[in-house]
Amino acid sequence: MEITKHFFFNLSLLVIILFFVLVWAEKSSKFRFSKGYSLFWSIIMLWICFQFSYEPDPHFTYDLRMILVIIGGLYAGIGLELVAAVIIMRGFYGIEPGFYTTILLYLPLGIILWKLYPWFWKQPPRKRIHVAVISSMIISVLTVITMEIAIPPQNRFDAWFAYLIIPPLGVGMISYVIEFAKRNLDIRENLVRTEKLEAVEQMGAAISHEIRNPLTAAIGFVQLLQEQKLPPRKRQEYLTIVKAELESAEQVIQNYLTFSKPALDIIEEINVKKELMQVMNILKPTANQNSVEFNSDFALLGSIKGDRQKFHQCFLNVIKNAIEAMPRGGQLYIETQYSSSHITIEIKDTGIGMTEEQLQRLGEPYYSTKGPKGTGLGMMVVFSIVRAMEGSVKVKSELNKGTVFTFSFPSYKADLRKNEA
Ligand code: ADP
Ligand code: MG
């Protein structure tokens, strides 16, 4: 049973290599039976088949090249290329009867596989495996027949057994593994697609809800403004409302955009104190309305690296939440601290605070305790911006006492030093 033993050994080599090829292809995430990739590995495996072939007499080599040609031809459409490779490789072993039988057997096989390839992929997976196994059985029988005619082997039973059993077995195993890997990949891709679709749907629903409300309100007030006999005071009041409504719609859009594209567009040096003061200026009117008092304590120095506009957005969201957490007024503390490696920013309020569960869910999309007034997008955007800027956030909160957000970002100087090193 020398030939059979050799064949089993060869088959295990093929399966080992195939295993690594599949694992590697899956990792690189572009696992498609691309021609170049398949051809490269098939030729390496062919070469291994020839290296470990069994040659009891100099005219005939027993090996498993047939498995590769069938799998490659059917699954990757590289039948003709592989047949050419087989003929060339076989040529190196000498131009004798074995060489001619190779041409006689493989050339038609290459052409048939090439013709079969488009049809093959239209079949369901189970049928594909059957087709592959049956093809290899036919080739096995033909190999045995040509062998008997050209150079009858000494150990007939062994050669027959080796050719009739092992190649179909190998082809069956390998095609099964390929189908298995392919199905897993398809399922995964489908899942990603469904998730994306879901996100888009949710987003559509939220946008129409969140943006339509302020817009409808704004339109209503614009209609009122069209009245000719409106006293100037009323006119001013309506305009303020329209502006506020439009701003809130703009905020929603801004939050969506930032979240769908958290990567930083422009990287620049951000002066932390300057930016925070700007944010405070924007929110001053809202704070005054809620009788919230600002207290700030800024370190003299401190700049970080990032996208200025997104930094702005991030603290606008946090401070706005803090103000909204103090409907009956309170104190808001904004502090920064500077060290050579990090800049820390602390936002503290004396508001309603959060329960353990609320704290857990903070940053979840659409999680809001503010009813129809809330969007539940602010904190989600905050977290995604902080992550993009390589910073971190810690939140401490106590119900009815207040909340502290502590942000930490790598300082601009430390970042420069890191890049120089
Ligand atoms: P929204 O402000 O639209 O509700 P956010 O994502 O900005 O959405 O905030 C989500 C939730 O987190 C808020 O509804 C609120 O319950 C809670 N929250 C955020 N900041 C604070 C804070 N400073 N104090 C208390 N609760 C807060
Ligand atoms: Mg908010």
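## Two loop residues with positive phi

In this predicted model, Glu 390 is placed in the loop that runs between α12 and β6, the latter covering residues 392–398. Although Glu 390 is not a glycine, its phi is positive, at about 60 degrees. Most residues other than glycine have a negative phi. With a relative accessible area of 53%, Glu 390 counts as exposed, because exposed means over 50%.

A second case is Ser 291, which sits in the loop between α9 and β2, where β2 is made up of residues 292–297. The phi of Ser 291 is near 50 degrees, again a positive value in a residue other than glycine. Is Ser 291 buried or exposed? At 51% relative accessibility Ser 291 counts as exposed, since the cut-off for that class is over 50%.

On the side of the ligand's nitrogen atoms, one of them is 3.3 Å from an N or O atom in the side chain of Thr 403. Taken alone, ligand 1 exposes 540 Å², and the protein buries 94% of that area.

## Helix α9 and its kink

Helix α9 comprises residues 272–289, 18 residues in total, and reaches 26 Å from its first C-alpha to its last, which is close to the 26 Å expected at 1.5 Å a residue. Within α9, a kink of about 50 degrees lies at Leu 283, shortly before the proline Pro 285.

Leu 283 is also one of the buried residues of α9, which are Val 272, Glu 275, Leu 276, Val 279, Met 280, Leu 283 and Ala 287. An α-helix has 3.6 residues a turn, so residues three or four places apart point the same way.

## Helix α1

The 26 residues of helix α1 (residues 2–27) should span 38 Å at 1.5 Å a residue, and the end C-alpha atoms of α1 are 38 Å apart, which agrees with that expectation. The buried residues of α1 include Ile 3, Phe 7, Leu 11, Leu 14, Leu 18, Val 21 and Ala 25, and among them are also Thr 4 and Asn 10.

## Separations in sequence and in space

Leu 80 lies in helix α4, which is formed by residues 79–92. The relative accessible area of Leu 80 is 32%, so this residue is partly exposed. Leu 80 and Leu 113 are 33 residues apart in sequence, and their C-alpha atoms are 7.8 Å apart in space. Ile 165, found in helix α7 (residues 156–225), is likewise partly exposed, with a relative accessible area of 41%. Between Ile 165 and Asp 63 there are 102 residues of separation in sequence and 13 Å in space, C-alpha to C-alpha.

Glu 269 has its place in strand β1, residues 268–271, and is partly exposed at a relative accessible area of 44%. How far apart in space are Glu 269 and Val 133, C-alpha to C-alpha? The two C-alpha atoms are 64 Å apart, and the two residues are 136 residues apart in sequence.

Technical notes. Residues numbered from 1 in each chain as written. Chains lettered and ligands numbered in written order. Predicted model: local features only at pLDDT ≥ 70, side-chain atom pairs only at ≥ 80, totals over all residues. Heavy atoms only, no water. Polar contact = N/O pair within 3.5 Å; in protein donor to acceptor, adjacent residues only side chain to side chain. Areas by Shrake-Rupley, 256 points an atom, 1.4 Å probe, with all protein chains shown as cover. Helix = DSSP H or I, 4+ residues; strand = E, 2+ residues; numbered from the N terminus. Expected span 1.5 Å × (residues − 1). Bend = angle between axes of the 7 residues up to and from the residue. Buried < 20%, exposed > 50% of the residue type's maximum accessible area, 1.4 Å probe, protein only.
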